[in-house]
Amino acid sequence: MTAIVWQRRRATAGATWREFASQRSGLVGLVGLAVIGVLAVLAPFVTDQSGLDVTRLTASPWEPPSSSNWLGTDHNGRSVLLLTWWGTRISLVVGLAATVLSVLIGTVVGITAAHFGGWVSAVLMRFTDFFLVLPSLVLAIALSTVLPRGLGTIVLAIGVTSWPATARLVRAQTLAVEARPFIERARALGGGHGHVIGRHVLPAVLPLVFVNTTLTVASAIVAESTLSFLGLGDPTRVSWGSLLHAANMHGAVSQRAWWFLIPPGLGVVCVVLAFTLCGRALETVLNPRLKGER
Amino acid sequence: MIRHLAGKVGGALVSLLFVVALGFLLFRVIPGDPVVAMTRGRPVTGDQLAELRARLGVDKPLDEQFVDYLTAALRGDFGTSYVYSRPVMELIGERMWPTILLTGTATVLAVVLGLWLGIRGAWRRGSRSDRISTGAALAQWAMPTFWLGMLLSLATGDLFPSGGMRYPDTPPDFLSQALDVAHHMVLPCLTMIAVVYAQYLLVMRSSLLEEMHADYLTTARAKGLRDDLVRRRHAVPNALLPTVTLVFLHLGLVVSGAITVETVFSWPGLGLLTYEALTGPDLPLLQGTFVVLAGAVITMNVFADLLYRVLDPRVRAS
């Protein structure tokens, strides 16, 4: 890489950032994400993990919010604030890991289908369409029921069911890029499949994939909370979904324990909204078709 | 037209066959020997195990099992539920109607509400009511369905029943039964509407926005048509087309919604049956609900495609 290339890239990145920063909703989302991320990372350092252990409790069950327990206690007497705080970690980790898996499958399938064309494309797209119409929650439930319970299973179940939309998007973008003359030039100069995909197609497709990723994280986190709510999560760890599962199982609604119900759900809503706001702002910046719209 | 129809229906049949095969892979191949799971923690002799395997048909090689499974599935036989000890298809047949009642009512109301708000929003783009309704739709989209359900149930207190479909002591005449079911359906229905309508609103709004700068609207205005006539007669019918397909394509979302909403409100439909099956786990039952729910969504998608061709003359001609 020559210096001039890097200079140009820095200039593009700067322009992209300035355009992103000019959208208030995107900035709000980004700040929200930063705050939530810092809280999740700091949890083991600023809070006492022993409060999650049901055998070492000082408070009684179903205590409403008070000065000692700001958000009250759950059916065991654990602090809801502490549980929700720790739940952030699992919800974020599962959401991000599932998204990485989903985007990876989607990108590979999409680029392969568009680049090689012919029967490869026909088979892959038929496969994608099949998964696209399959109700993803139903498939995710089936997968996480038959596989052993754990974080890996839930990541796999969400990742394997949420990639088709990405695959279609990547395929469309790859087709658009490959129709342009510089790809023909690269081929004429002797560039193989690896070179064309790696040096020309991927850099052009990645911005769109990145936008898609931020939007996928949002739905992956909702999917995680739904699966955990149905009792399919990792039973040894606290996540927002598993908290709501416990709340439902132990009758938090009939106990009128609003302090146990509201915080975990609010956590999901905040993270999902933050990712969605970021994603929509990025989309406006990186997708030239949308400029001036909305 | 006939060729297209045959192609679509053929494709859907292949997809349905895929679903059935996926059911075999998920519930017979991945979990391993069901007999081990069924007899875990009980003293059983080798003979008993062999007999149980022979009765369930799992002593044969996998390919033979697959053929057996496929022929049974084509006859609509998905085996016997472990928990209920009744044929899976009988259970599904019973639980289907409450789900159709709930999701049907909720979808119709959500479509009407979503389209109406979407049209209003797009026509007065950027106005305060547009910003509020779009923002509210986004916020509701971010909410997990089941959480919203629990909040609604918490907020309304004793106003509505907390679960089930009818009280056991309601008089058996039609009117009081219907009123009782309607009373039980208010909260689950509201929850489903709140989660689903946002999609319709956003789709309708953006497809109407795409029509806003079309030349034919300028022509219509130049003719001197009133603003609401331009909207009703010219813009909306064109913008409605993509929305109609999306209503059907989002049925997967409705199915997901049904599973969580029915779990929260103990509504005795297919969603609750799925939940009961996964807590067991009752694999034959879960297999049955998996195939039926996935099959229903695939079938509805074919309908959406055909409907689109009937509605849109441009697609019909090509």
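Chain B averages a pLDDT of 84, and 95% of its residues score at least 70. This is a predicted model, so colour by confidence before anything else.

**Stop 1: confidence**

Stay on chain B. Select helix 14, residues 313–317: confidence in chain B is lowest here, at a mean of 64. Now select helix 12 of chain B, where confidence is highest, at 91.

Switch to chain A. Its average pLDDT is 85, with 97% of the residues at 70 or above. Among its elements, helix 1 (residues 3–21) has the lowest mean, 85. Helix 6 (residues 151–161) has the highest, 92. For the complex, the predictor gives an ipTM of 0.85 and a pTM of 0.87.

**Stop 2: the two chains as cartoons**

Of its 294 residues, 44% count as buried. Take the contacts in chain A between residues at least 6 apart in sequence: 71% of them join residues at least 24 apart.

Show chain B next. Here there are 14 helices and, again, zero strands. The C-alpha box is roughly 90 × 55 × 40 Å along the principal axes. Chain B has 318 residues, and 36% of them are buried. Of its contacts with a separation of 6 or more, 72% come from residues 24 or more positions apart.

**Stop 3: helix 3 of chain A**

Select residues 80–116 of chain A. How far apart are the end C-alpha atoms of this helix? They are 53 Å apart. At 1.5 Å a residue, its 37 residues should span 54 Å, so the two values agree. Step to the residue just after the helix. Gly117(A) takes a positive phi there, about 60 degrees.

**Stop 4: where the chains touch**

Show both chains. The contact takes 33 residues from chain A and 37 residues from chain B. Which elements of chain A give two or more residues to this side? Select helix 4 (118–133), helix 5 (136–146), helix 9 (193–229), helix 10 (240–249) and helix 11 (258–286) of chain A. Colour the chain A side by class: 23 residues are nonpolar, nine are polar and one is charged.

**Stop 5: the largest nonpolar core**

This core has 143 residues. Select the members that touch the most other members. From chain A, they are Val138(A), Ala140(A), Ala142(A) and Val272(A). From chain B, they are Tyr200(B), Leu293(B) and Ala294(B).

Centre on Val272(A). Leaving out residues up to four places away in sequence, it touches Ala218(A), Ile221(A), Val222(A) and Ala142(B). For background, nonpolar side chains tend to be buried together in soluble globular proteins.

**Stop 6: Gly279(A)**

Select Gly279(A), which sits in helix 11 of chain A. Is this glycine buried or exposed? Gly279(A) has 21 other C-beta atoms within 10 Å; the cut-off for buried is 20 or more, so Gly279(A) is buried. Not counting residues up to four places away in sequence, Gly279(A) touches Val211(A), Thr214(A) and Leu215(A). Now draw a distance to Leu81(A). The C-alpha atoms of Gly279(A) and Leu81(A) are 29 Å apart, and the residues are 198 apart in sequence.

**Stop 7: helix 9 of chain B**

Select residues 215–222 of chain B. How many of these eight residues are buried? The count is zero, and the helix is hardly covered. After helix 9 of chain B comes Gly224(B), with a positive phi near 95 degrees.

**Stop 8**

Most residues other than glycine have a negative phi. Two serines in chain B are worth a look.

Select Ser85(B). Its phi is near 55 degrees, a positive value. Ser85(B) lies in the loop between helix 4 (62–74) and helix 5 (88–123) of chain B.

Finish at Ser266(B). Its phi is also positive, about 50 degrees, although it is not a glycine. Ser266(B) lies in the loop between helix 11 (251–265) and helix 12 (270–279) of chain B. Ser266(B) is partly exposed, with 16 other C-beta atoms within 10 Å.

How values were computed: Residues numbered from 1 in each chain as written. Chains lettered and ligands numbered in written order. Predicted model: local features only at pLDDT ≥ 70, side-chain atom pairs only at ≥ 80, totals over all residues. Helix = DSSP H or I, 4+ residues; strand = E, 2+ residues; numbered from the N terminus. Buried ≥ 20, exposed ≤ 12 C-beta atoms within 10 Å, placed from the backbone. Contact = placed C-beta atoms within 7 Å. Nonpolar A, V, L, I, M, F, W, Y, C, P; charged D, E, K, R; others polar. Core = buried A, V, L, I, M, F, W, Y, C linked by C-beta atoms within 7 Å. pLDDT = per-residue confidence, 0-100. Expected span 1.5 Å × (residues − 1).
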